[in-house]
Amino acid sequence: MDPSVEWNWVMFAYGVTYAALVLFTTSIAVRITRARRKLGEGA
Amino acid sequence: MTSPEQKPSPVWPWIVMAAAGLVTFVAAMTVPPDAVQGQLSRILYVHVPAAWLAYFAFGVTMFSSSMYLWKKDIRWDRMAHASAEVGVFFTALLIGLGMIWGKSTWGVWWTWDARLTLTAIMFFVYLGYLALRRTTDDLEVRAKRAAILGVLAIVQVPLVHFSVVWWRSLHQPPSIIKPEGPDMDASMIATLLIAVVSFTVMYVAMMIKRIELARLEDSILIAEQSSAGPTAGDAVAAPDLGGGV
């Protein structure tokens with residue numbers, strides 16, 4: 001396989017990894033903020 | 001005196017996670033490519049740490065579930081819940097990365113290989129664990145049901161790990177932990193070790209925030225239950241069957 005094609009696959013894999021990490025951690029942060037607001041304590 | 005909810009939510013776990021992610025990326029992009037797989041071998045440095053954390057997270061769920069069944073302390077249940085959710089995330093990531101690696105090397109996104117199939121089953125069982133927790137609002141009943149499944153479900157981890165040894169598999173067998181020693185270059189092993197440690201640090205940081213969330217969710221549930229008004233059934237008096245006695 002051409003090295004440039006290999007790099008495309010590698011960047012795709014790392015893009016998926018970091019996008020997933022950002023989405024998951026953001027979901028935790030958003031749920032914490034909402035829960036604190038619901039408890040009336042502010043974020 | 002401030003309650004735990006009034007304390008500001010710590011920011012440092014997010015910073016630690018970002019730093020660990022950066023360390024993994026720099027290490028994985030600077031190591032020399034593999035002689036056979038070329039640049040594609042770099043997927044190893046996120047695929048293997050994701051697999052390790054899936055196993056580790058479900059191990060923590062099993063341990064915390066056992067501790068809950070023994071001590072009946074709701075904090076163990078929160079830890080089991082948090083670790084199961086983080087474990088499901090890393091299992092999904094593991095499967096996604098495996099599919100990308102599979103397509104680029106085997107030519108297919110998916111095959112019903114023992115390793116792949118058992119990993120998918122493990123993913124759905126732990127999704128079931130998270131769904132089971134939503135079947136009741138009773139904290140103790142929820143914790144007990146989840147703890148029993150959390151202990152039983154761990155049997156899948158050795159099944160998934162040793163599937164490449166026990167059955168003929170398209171997936172490659174272990175490259176590092178095997179009787180004859182690792183057959184990888186020292187620079188690749190060092191990079192993989194950096195990635196595994198960095199991802200483990202990310203897991204710890206995620207757990208700190210996810211346990212904080214579990215505590216807040218429980219506080220909301222308790223507050224809602226204690227402030228709930230009378231239900232429709234409360235207006236119905238029980239019939240007097242004793243003939244006025």
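What percentage of the 43 residues in chain A is buried? Buried residues make up 23% of them, where buried means that 20 or more other C-beta atoms, placed from the backbone, lie within 10 Å of a residue's own, exposed means 12 or fewer, and partly exposed lies in between. This is a predicted model, in which local features need pLDDT of at least 70 and side-chain atom pairs count only at pLDDT 80 or more, while totals for chains, interfaces and linings use all residues. Residues are numbered from 1 along each chain as its sequence is written, with chains lettered from A and ligands numbered from 1 in the order in which they are written.

**Chain A**
- Chain A has one helix and zero strands, these being DSSP runs numbered from the N terminus (H or I of at least four residues for helices, E of at least two for strands).
- Its C-alpha atoms fill a box of roughly 55 × 10 × 5 Å along the principal axes.

**Helix α5 of chain B**
- The buried residues of α5(B) are Arg142(B), Ala143(B), Ala146(B), Ala147(B) and Gly150(B).
- These buried residues fall within an arc of 125 degrees when seen down the helix axis, so they line one face of α5(B); the arc is that of the directions from the axis to the C-beta atoms.
- On the other side of α5(B), Glu140(B) and Val141(B) are exposed.

**Contact between the chains**
- In all, 29 residues of chain B are in contact with 25 residues of chain A, contact meaning C-beta atoms, placed from the backbone, within 7 Å.
- On the side of chain B that touches chain A, α7(B) gives the most, with ten residues.

Notes. Contact = placed C-beta atoms within 7 Å.
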